[in-house]
Amino acid sequence: IKELMGIKDNKQNILGDSCGIRINCVVQSTAVDVVGIGLDNGLIVVHNLRYDETVAIFRQSEGPVTSLSFRSDGTSMLISGSSSGHVVCWDLQKKQLHSTIPNVHNGNVVSLHFFPSEPIFASSGSDNSVKLWIFDAVDGTARVLKSRNGHSAPPNRIKFYGSGNS
């Protein structure tokens with residue numbers, strides 16, 4: 001995919017320098033007509049589709065961008081997931097890196113989602129885990145609120161529990 005097509009006006013929105021680079025994810029911002037686009041080369045493009053203007057460009061050094069989510073509780077923040085399991089937090093007002101949460105998952109960050117009007121987001125990974133994070137630290141960073149893990153690899157031995165009379 002090298003371009004986005006506007007449904008309402010059937011207008012092509014070319015992504016400038018990102019043409020020819022694989023788009024891994026596109027997510028709607030809390031602002032109307034603004035999307036975040038995560039690219040395979042680690043670039044994140046925040047683009048206004050109505051005016052065909054790039055609002056911000058970030059470079060994630062942790063690898064390809066696998067997921068994005070915008071915070072909607074009044075704090076201008078975008079989080080991005082990487083193929084190496086890290087989550088990166090971006091300050092949209094200052095247009096700079098806010099913080100990095102290393103080793104959130106053992107493998108790809110598959111999905112990120114901020115809960116509406118809350119400083120809480122959920123992450124899921126290829127390691128078969130789901131984690132809830134909350135931004136409540138004094139320095140504005142996030143911590144794990146809850147987590148659930150399943151098997152991250154195929155089992156090599158299974159033992160049944162019970163009497164075995166079935």
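This is a predicted model: local features need pLDDT of at least 70, side-chain atom pairs count only at pLDDT 80 or more; totals for chains, interfaces and linings use all residues.
Which residue takes a positive phi in the hairpin of β13 and β14?

Start with β13, residues 129–135. This strand is mostly covered, with 5 of its 7 residues buried. On one side, β13 pairs with β12, residues 120–125, in the antiparallel sense over 5 bridges. Within that pairing, F121 has W133 of β13 as its bridge partner. β12 and β13 make a hairpin with 3 residues between them, and N128 in the turn has a positive phi of about 65°.

β13 also pairs with β14, residues 142–149, again antiparallel, over 7 bridges. Here F135 is bridged to A142 in β14. Now the opening question. The hairpin of β13 and β14 has 6 residues between the strands, and the residue with the positive phi is G140, at near 85°.

As a reminder, strands of a sheet pair through backbone hydrogen bonds, either parallel or antiparallel.

Next, the other sheet I want to show. It is open, has 4 strands in the order β3-β4-β5-β6, and its pairing is antiparallel. β3 (23–28) and β6 (53–59) are at the edges with a single partner strand each, so one side of each has no neighbour in the sheet. From one strand to the next, the twist averages 20°.

Inside that order, β4, residues 34–39, and β5, residues 43–48, run antiparallel and are joined by 5 bridges. I37 stands opposite V45 in β5.

Notes. Residues are numbered from 1 along each chain as its sequence is written. Side-chain values use heavy atoms; hydrogens and water are left out. Buried means under 20% relative accessible area, exposed over 50%, partly exposed in between (1.4 Å probe, protein chains only). Helices (H or I, at least four residues) and strands (E, at least two) are DSSP runs, numbered from the N terminus. Two strands pair if DSSP finds at least two bridges between them. Axes are lines fitted to C-alpha atoms, for helices over the stretch in contact, and angles run from 0 to 180 degrees between N-to-C directions.
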